[in-house]
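I opened this notebook to keep track of what I looked up, one topic per entry. The structure goes in first, and the entries follow.

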Amino acid sequence: MAFYLGLGLSSLLFVAIFLFKVIIPPFNFPRNIPTIPFYVIFLPSFFNIDQTELYNNYLKKPLERYGAVNIFFGSRWNILVSKPEYLAQIFRDENTFAKSGNQKKIPYSILAAYTGENIISAHGDAWRTYRRVMTNGLQFFNEKPFVENIQLLCDIIEEKNQKTQKQAIKVSPLIQRLALDNISQVLLSFDFGTLKNDLNPLHRHLIRIKKQIFDPFFLTFPFLDQLPIPKRKRGFEDVKKFREILVTTVRKQLVDNYKFEQIQSVSSDLIRAHNNEVINYKQLSDNIVILLVAGHENPQLAITTALYLLAKYEQTWQMRIIDEIKHINVEDIKELATLPCLNSFIFEAIRFYPPLNTIINRCTSRKCQLGTDIVIPKGTYVGYNNFGNSHNVASWGITADSFEPERWGNDIETIMKNWKIAKNNCTLSSFHGGRRACLGEKLALVELRITIAGLLQRFHITLGSEWDEKMTPAGPLCPLDLQLNFEPRKDRKIN
Ligand code: HEM
C-alpha cells in the first residue's frame, strides 16, 4: 500500500514539475519582455490555423512592440527575436550567441541523428574548418542541370495534363523531385534520378525519413525519442541506412570514377579534405547530408511559394515576367539576373514567405544583454522569427503585409542595391546574415530564376479551384498541399 502511495505521489510530483516547466518560463528569464502563453505553439495541432495566422493573432503585437518575447518551443523556453537591431547583435556576436544546432539541443533525437554536426549547426573551430573546405564549391558550380531538369519537369507536367484531362496538379511532390535532382547533380556529383523514376529506392527512403522527422508530435516533444518506441526505433535505423547509402553513392561516383582529382566541386573538396585527414568520416557524412537536405528543401520551399504567388498574381506579375522572359534563353543565367520583374518578384516572394520561418539554434555562452535592457541568462536558447522580421511595419512601412515586388525598385541596379541593404541592416533575415550568412543564396537564386523562366515559357499557371489557400501550420513555411493548373502556352518558346 505504502509503495503504491509513494508511486502515486512521485508521479504527481513529476507531472507537477513537468507542467510547471512548460507553463512558466524559468525565473531568471527577462521580465521586461512579454511571455507568449505556452499553449499558443500547440494551437496549429488542434485548430485549422496556419503559421502566418498564428503569428498575426498571437505574436505580431508583442514582437512589434518589444522586439523580443519569451516563448515555449521544442520542449523548452526560449527567447524569440524579430527586431532588426537585436538580430544584428545576435549575428555579430557569434561567441555569446553561439550556434547550437540539434546535435547539441536534442542530441538524442532522430533529427540530430539525421544531420549531425555540420556547417550550418557547428560552432567554433569545426565550423571554420567546414567553411574553409566548402565555401568555394558552393559559390562556383555548373548550373546546366537546372536547365535540363526544368525541361524534364515540364514534360512530366504535360504528360500529367494529358492523363488527367488538365485537372489541377499537386505541386509539392513534383518540386521535391526537381529540387533533389538539381542539388544532387549540381553539388553532389550524382543523379538522384527522381524525375526519370519517382519510385527509385533512395527517393522512397527519403520520403519515409521526412515523414518520421517532421512528425509534429515528436517535433514538439523530441525527448520522446529517448524512449523505446518501435516506430521511432525504425526511424533511427532508416536514417542510419540512408546516410550510409548517400555517402557511399557520392564517394563511389567521385572516387571510383577517378573524377574527384580533376573536379572542383563541393563534394570533391569534402572528399579531398577527408582523404587528407582534415575531417573525419562522421564529419564528411554530416556535411554531405546537410548539402542534400538544405540544398533541396530550402529551394523546394522557395520554388513552391514562388509558383503560388505567380498563380495568385497571374494577371499582373506573371504577365510581366512572361513579357521579360519569353524571348530569352533560359541557359543565359547572366541575362536572367538582369531582369527587373523576375528578380524583384523573387526577392519579394522570399520576403513575404521566408522559407525558414522560426529558427532557434543559438545558445548564450554567458549572461548577456540584448539591446539596452534585456538581460539573458547563460545557457538560454535564442532564435529569430523571419516572417515577423520581414513583415515588421517599422521596417517595411504600412505595406509590409502587401505583396509588392515594386518595393524593391524599377531597375535592376536599384533592386540589387535594396536587396543588399535589407540583408545588411537585418530587416530581411531569410538568408540569415553576418558571418553565418547562407552559403547557398547564389545557387538558390540561380535555380529559382531558371525554374520560373523555364516553366513560364511553357505554361500559364493558375490556382487550382479546389485548393484551400493555406500555408503550412508549423515548421518550414510554404503553401500547404498546393494545387495548380498548368495551361500550355500557345506562344511557347522552343529553346
Ligand atoms: C531559398 C533557399 C534558401 C534559404 C531561404 C536559405 C536560408 C538559410 C538560412 C536562414 C540559414 C541560417 C540557418 C541557421 O542558422 O540555422 C542558412 C545557412 C546556410 N545555408 Fe541556406 N538557404 C537556402 C538555400 C541553400 C542552398 C541551396 C544551400 C546549398 C547547400 C544552402 C547552404 C547553406 C549553408 C552551407 C549554410 C550555413 C552557413 C554558415 O553557417 O556558415 N542554403 N541558409
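Entry 1, a cross-chain salt bridge. I started with Asp155, which is partly exposed at 38% relative accessibility. I am working on a predicted model. The side chain of Asp155 meets that of Arg458 in a salt bridge, with 2.7 Å from N to O. I looked up both positions: Asp155 lies in helix H8 (residues 144–164) and Arg458 in helix H21, so the pair ties together parts that are 303 residues apart in sequence. Arg458 has a relative accessibility of 4% and counts as buried.

I found Glu297 in a salt bridge with Lys210, the closest N and O atoms being 3.5 Å apart. Glu297 belongs to helix H14 and Lys210 to helix H10 (residues 201–213), so this pair links distant parts of the chain, 87 residues apart. I noted both Glu297 and Lys210 as buried.

I then checked Asp286 and Lys282, whose side chains form a salt bridge of 2.8 Å, N to O. Both are in helix H14, and because they are four residues apart, about one helical turn separates them. Asp286 is buried at 1% relative accessibility, whereas Lys282 is partly exposed at 47%. I also recorded a network in which Lys60, Glu64 and Asp401 are joined by salt bridges that share partners. How many salt bridges does the count come to? I have 23 salt bridges in my notes.

Which protein atom is the donor of the iron atom of the ligand? I found SG of Cys438, at 2.3 Å, and it is the only protein donor. Cys438 sits in the loop between H20 and H21.

His432 has a phi near 60 degrees and is not a glycine. I placed His432 in the loop between helix H20 (412–424) and helix H21 (441–458). Is His432 buried or exposed? His432 is buried, because its relative accessible area is 10% and the cut-off for buried is under 20%.

Glu277 is another case, with a positive phi of about 60 degrees although it is not a glycine. I located Glu277 in the loop between helix H13 (266–275) and helix H14 (281–312). Glu277 is exposed, its relative accessible area being 71%.

At 32% relative accessibility I logged Glu335 as partly exposed. This value passes the patch cut-off, because patch residues need over 30% relative accessible area.

I also noted a nonpolar surface patch made of Leu5, Leu9 and Leu12, which together have about 330 Å² of accessible area. Where does Leu5 lie? I found Leu5 in helix H1 (residues 2–23). Leu5 is exposed, with a relative accessible area of 54%.

Notes:
Residues numbered from 1 in each chain as written. Predicted model: local features only at pLDDT ≥ 70, side-chain atom pairs only at ≥ 80, totals over all residues. Heavy atoms only, no water. Patch = residues over 30% accessible without salt bridge, like charges linked within 9 Å, V, L, I, M, F, W, Y side chains within 5 Å. Areas by Shrake-Rupley, 256 points an atom, 1.4 Å probe, with all protein chains shown as cover. Salt bridge = Lys/Arg side-chain N within 4 Å of Asp/Glu carboxyl O. Helix = DSSP H or I, 4+ residues; strand = E, 2+ residues; numbered from the N terminus. Buried < 20%, exposed > 50% of the residue type's maximum accessible area, 1.4 Å probe, protein only. Donors = N, O, S within 2.8 Å, 3.2 Å for Na, K, Ca; no water.
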